[in-house]
Amino acid sequence: MEAFLQRIADAAGIDTETARKAVGIIFAFLKKEAPAESEALLNATPGAAELAAEHGGGGGGMMGGLMGMMPGGGIMALGGQLMGAGLSMGQIQTVSKELFAIGRETAGEDAMGAIVGAVPGLSQFV
């Protein structure tokens, strides 16, 4: 997991603790929004389930809850959580793209395509 996080941190220009938090938030989001589709990724990435569980409790507060009720709010709420973790929009895109590139290497193209297909709006970030 540490090499995985370091790769993401290096790509996005952030420290590994911020990368850990961002990846945990994304894993938790995927587990919530596409539970069946995200299983292959979570299983293929050692420590992913633990990171998802660690960061699964945050709903983005009242604003995140309101965004979640809006069309496309799920991905918007995810963006809000990641910004709250200290990432810029550019860093969010870099973290997402790198995370999905690693996912393609570990879980496979079909598994990652299923995730992207299951979560509305996700394709613009990966």
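Colleague: Which residues touch the most other members of the largest nonpolar core?

Modeller: Phe-4, Ile-8, Val-23, Phe-27, Leu-30, Val-95 and Leu-122, out of 37 residues in that core. A nonpolar core here is a set of buried Ala, Val, Leu, Ile, Met, Phe, Trp, Tyr and Cys residues joined through side-chain atoms within 4.5 Å. Buried means under 20% relative accessible area, exposed means over 50%, and partly exposed is in between (1.4 Å probe, protein chains only).

Colleague: Which element gives the largest share of this core?

Modeller: H2 does, with 9 residues. The elements that give two or more residues are H1, H2, H3, H4, helix H6 (73-84), H7 and H8.

Colleague: What kind of model is this?

Modeller: This is a predicted model, where local features need pLDDT of at least 70, side-chain atom pairs count only at pLDDT 80 or more, and totals for chains, interfaces and linings use all residues. Residues are numbered from 1 along each chain as its sequence is written, and side-chain values use heavy atoms, with hydrogens and water left out.

Colleague: How many helices and strands does the protein have?

Modeller: There are 8 helices and 0 strands. Helices (H or I, at least four residues) and strands (E, at least two) are DSSP runs, numbered from the N terminus.

Colleague: And how much of the protein is buried?

Modeller: Buried residues make up 43% of the 126 residues.

Colleague: Back to rings. How many aromatic pairs are there in the whole structure?

Modeller: A search finds 1. The rings are those of Phe-4 and Phe-27, with centres 6.3 Å apart and planes at 20°, so the pair is stacked. Rings of Phe, Tyr and Trp (its six-membered ring) pair if their centres lie within 6.5 Å; planes under 30 degrees apart count as stacked, over 60 as edge-to-face and the rest as tilted.

Colleague: Where in the chain do Phe-4 and Phe-27 sit?

Modeller: Phe-4 is in helix H1 (residues 2-12) and Phe-27 is in helix H2 (residues 16-33).

Colleague: Is Phe-27 buried or exposed?

Modeller: Phe-27 is buried, with a relative accessible area of 0%. Phe-4 counts as buried too, at 10%.

Colleague: What does Phe-27 contact, beyond neighbours within four places in sequence?

Modeller: Its partners include Phe-4, Leu-41, Thr-45, Leu-51 and Leu-99. Contact means heavy atoms within 4.5 Å.

Colleague: Where is Thr-45?

Modeller: Thr-45 lies in the loop between helix H3 (35-44) and helix H4 (48-55). It is buried, with a relative accessible area of 5%. Leaving aside neighbours within four places, Thr-45 is in contact with Met-1, Phe-4, Phe-27 and Thr-106.

Colleague: New topic. At what angle do H3 and helix H8 pack?

Modeller: About 145°, with their axes 8 Å apart. Axes are lines fitted to C-alpha atoms, for helices over the stretch in contact, and angles run from 0 to 180 degrees between N-to-C directions.

Colleague: Which residues make the contact?

Modeller: H3 uses Glu-37, Ser-38, Ala-40 and Leu-41. H8 uses Ala-111, Met-112, Ala-114, Ile-115 and Ala-118.

Colleague: Last one: where is Arg-104?

Modeller: Arg-104 is in helix H7 (residues 89-106). It counts as partly exposed, at 30% relative accessibility. Setting aside neighbours within four places in sequence, Arg-104 is in contact with Glu-109, Met-112 and Val-126.
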